[in-house]
Amino acid sequence: RRAARDELRKGATQIKIMVSGGVTSPLDRIDSTQFSIGEMRAAVEEAEAQGRYVMAHAYTAKSINRALSAGVRSIEHGNMLDEATADAIVAHNAILIPTTVVFWAMAKDGPSVGIPTMYQEKVEVVREAALRGLEIAHRRDVKMVFGSDLFGPMHRYQSLEFSIRRDMQSAAEVIRAATLNAAELFQMTGEIGEIVPGARADLLAIDGNPLEDLNLLQEQGRYMDMIMKDGAFI
């Protein structure tokens, strides 16, 4: 509670907690759970008191369900969920950010970017589950937001997440995850994610129709004739 209050006092717009083990954390297992229900609720209470919300790093169904029961609003990763857990996310009006590309990137470039080989077994466990989890989430109508979780030089793969999700979702659904759904999650509806009077005017002009070919969003802007951020050309 003290830590959440301190971050919110300093201007945090979200509080992130780790409720399961991590792929690149050396001292825990993927299937471990972290924080008690009471501790998670304390963070949620403090965030909600300031009009903010809590996001949770969680891989497994067990860790996701514990977080949802405590009032967590967004699940980061969630790749090892099952159908009952997907339904629980919907029932709690929560949002999922699957981050599938990071596991592909770590499997491909992990050693070259300094990820020790001791983590590769964890990478494979989650990578194998990720597409299955994405398919379940889509089939059970879970609201999803775009995210990559990439770090360091692997950032060059960030838009590959669009293509990976395209195997499960329509192009419109994938783009909506990165725009309208993201704005809703961030509590910024009407400010970002759509073209409306008073919004920030974050705009892209694409050479082609990404609804027909999502690959137009690849290659770090190769097919983007114009990029505007907050009304200014960059």
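Modeller: Gladly, and let us begin with helix α3: its buried residues are covered by elements that include α2 (37-49), β2, β3 and α4. This is a predicted model, in which local features need pLDDT of at least 70 and side-chain atom pairs count only at pLDDT 80 or more, while totals for chains, interfaces and linings use all residues. Residues are numbered from 1 along each chain as its sequence is written, and side-chain values use heavy atoms, with hydrogens and water left out.

Colleague: Which residues of helix α3 are buried?

Modeller: In α3, which covers residues 61-69, the buried ones are A61, S63, I64, R66, A67 and L68. Buried means under 20% relative accessible area, exposed means over 50%, and partly exposed lies in between, with a 1.4 Å probe and protein chains only. Just after this helix, G71 has a positive phi of about 100°.

Colleague: Why is S148 called buried?

Modeller: Its relative accessibility is 13%, so S148 counts as buried. S148 sits in the loop between α6 and α7. Leaving out residues up to four places away in sequence, S148 touches T99, V101, V102 and Q158; contact means heavy atoms within 4.5 Å.

Colleague: Why is V90 called partly exposed, then?

Modeller: V90 has 40% relative accessibility, so the label is partly exposed. V90 belongs to helix α4, and its contacts, not counting residues up to four places away in sequence, are R140, D141 and V142.

Colleague: Why do E219 and D230 get the labels they have?

Modeller: E219 is at 45%, so E219 counts as partly exposed. D230 has a relative accessible area of 54%, and therefore D230 is exposed. E219 lies in the loop between β5 and β6, while D230 lies in the loop between β6 and β7 (232-233). Phi is positive at E219, near 60°, and positive at D230, near 55°; neither residue is glycine.

Colleague: Where does α6 bend?

Modeller: The bend is at A130, by about 35°. A bend at a residue is the angle between axes fitted to the seven residues ending there and the seven starting there. A130 is also one of the buried residues of α6, with V123, V126 and L134 among the others. The buried residues of α6 pack against β2 (53-60), β3, α4 (83-91), β4 (95-97), α5 (101-109) and α7 (160-166).

Colleague: What makes an empty space a cavity and not a pocket?

Modeller: Rolling a probe the size of a water molecule over the atoms shows where empty space is left. On a 1 Å grid over the protein atoms alone, a cavity is a set of points where a 1.4 Å probe fits but cannot get out, whereas a pocket is an open set with protein on both sides within 12 Å along at least five of seven lines; lining residues have an atom within 4 Å of a point. Points are joined across faces, edges and corners, and a volume is the space filled by probe spheres set on them.

Colleague: How many cavities of 30 Å³ or more are there by this rule?

Modeller: The count is one. The largest cavity holds about 40 Å³, and its lining includes H77, A130 and L134. β3 and α6 are the elements that give two or more residues to this lining.

Colleague: And what lines the largest pocket?

Modeller: The largest pocket holds about 1,500 Å³ and has 42 lining residues, with F162, I175, A178, T179 and L204 nearest its centre. The lining divides into 23 nonpolar, 10 polar and nine charged residues. Here Ala, Val, Leu, Ile, Met, Phe, Trp, Tyr, Cys and Pro count as nonpolar, Asp, Glu, Lys and Arg as charged, and the others, Gly among them, as polar.

Note on methods
Helix = DSSP H or I, 4+ residues; strand = E, 2+ residues; numbered from the N terminus.
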